[in-house]
Amino acid sequence: MNCTIIISVYKDTDSLDLILESLSEQTILPDEVIISEDGNSDKMAEYLLIAKMKYEKLDILHLFQEDISWRKNVALNRAVLSSKHEYLIFIDGDCIPYDNFIEWHLKLAEKNSVLCGRRS
């Protein structure tokens, strides 16, 4: 099963770098990574130019929008519409996935079901 992971971010490139590093070392790599930015930070755009080379195993797409207020849900909806794959995994920009996060999502995936979790 192919999957897209959608990461909701707002200006925090340090945390995003840790997330992308973790994703690049997963037991099963995501087929697509969408960075869903609720804003349009120059720092984020510059970081992602470097990150796409640094994490070349990941197919990274950066989506952004005008930073006029909190519109995370609008940004996420745009990411869903832009995704190439049917199975979507959502994480926030401050959640670093453990090494078999994608693998277990795919193992537990079922049609017409939603998996959810929490961190401790």
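A word on the source first. This is a predicted model, in which local features need pLDDT of at least 70, side-chain atom pairs count only at pLDDT 80 or more, and totals for chains, interfaces and linings use all residues. Residues are numbered from 1 along each chain as its sequence is written, and side-chain values use heavy atoms, with hydrogens and water left out.

Let's start with the sheet. Four strands make an open, parallel sheet in the order S3-S2-S1-S4; strands here are DSSP E runs of at least two residues, helices are H or I runs of at least four, and both are numbered from the N terminus. Two strands count as paired if DSSP finds at least two bridges between them. At the edges sit S3 (60–63) and S4, each pairing on one side only. On average, neighbouring strands are turned by 20° against each other, direction ignored. For angles, axes are lines fitted to C-alpha atoms, for helices over the stretch in contact, and values run from 0 to 180 degrees between N-to-C directions.

S1 and S2 (residues 32–37) pair over six parallel bridges, with isoleucine 7 opposite isoleucine 35 in S2. Helix H1 packs on the sheet and touches S1, S2, S3 and S4, its direction making about 165° with that of S1. Helix H2 (residues 42–54) also packs on the sheet, touching S1, S2 and S3, at about 170° to the direction of S3. By contact I mean heavy atoms within 4.5 Å.

S1 and S4 also run parallel, joined by six bridges, and serine 8 stands opposite aspartate 92 in S4. In a regular strand the side chains alternate between the two faces of the sheet. S4 has Tyr87, Ile89 and Ile91 on its covered face, and Leu88, Phe90 and Asp92 on its uncovered one.

Now the cores. A nonpolar core is a set of buried Ala, Val, Leu, Ile, Met, Phe, Trp, Tyr and Cys residues joined through side-chain atoms within 4.5 Å. Buried is under 20% relative accessible area, exposed over 50%, and partly exposed in between, using a 1.4 Å probe and protein chains only. The largest core has 24 residues, and Ile7, Leu20 and Leu48 are among those with the most contacts inside it. S1, H1, S2, H2, S4 and H4 each supply at least two of its residues. Beyond its neighbours within four places in sequence, leucine 48 contacts Leu16, Leu20, Ile35, Ile60 and His62. A second, separate core of five residues includes Ile6, Ile34, Leu63 and Ala79.

Finally, how many salt bridges does a search of the whole structure find? There are four, where a salt bridge is a side-chain nitrogen of Lys or Arg within 4 Å of a carboxyl oxygen of Asp or Glu. Lysine 84 bridges to aspartate 59, with the closest N and O atoms 2.9 Å apart. That pair links distant parts of the chain, 25 residues apart, from the loop between H3 (72–82) and S4 to the loop between H2 and S3. Lysine 84 is exposed, at 58% relative accessible area, while aspartate 59 is partly exposed at 32%.

Glutamate 103 is buried, with 18% relative accessible area.
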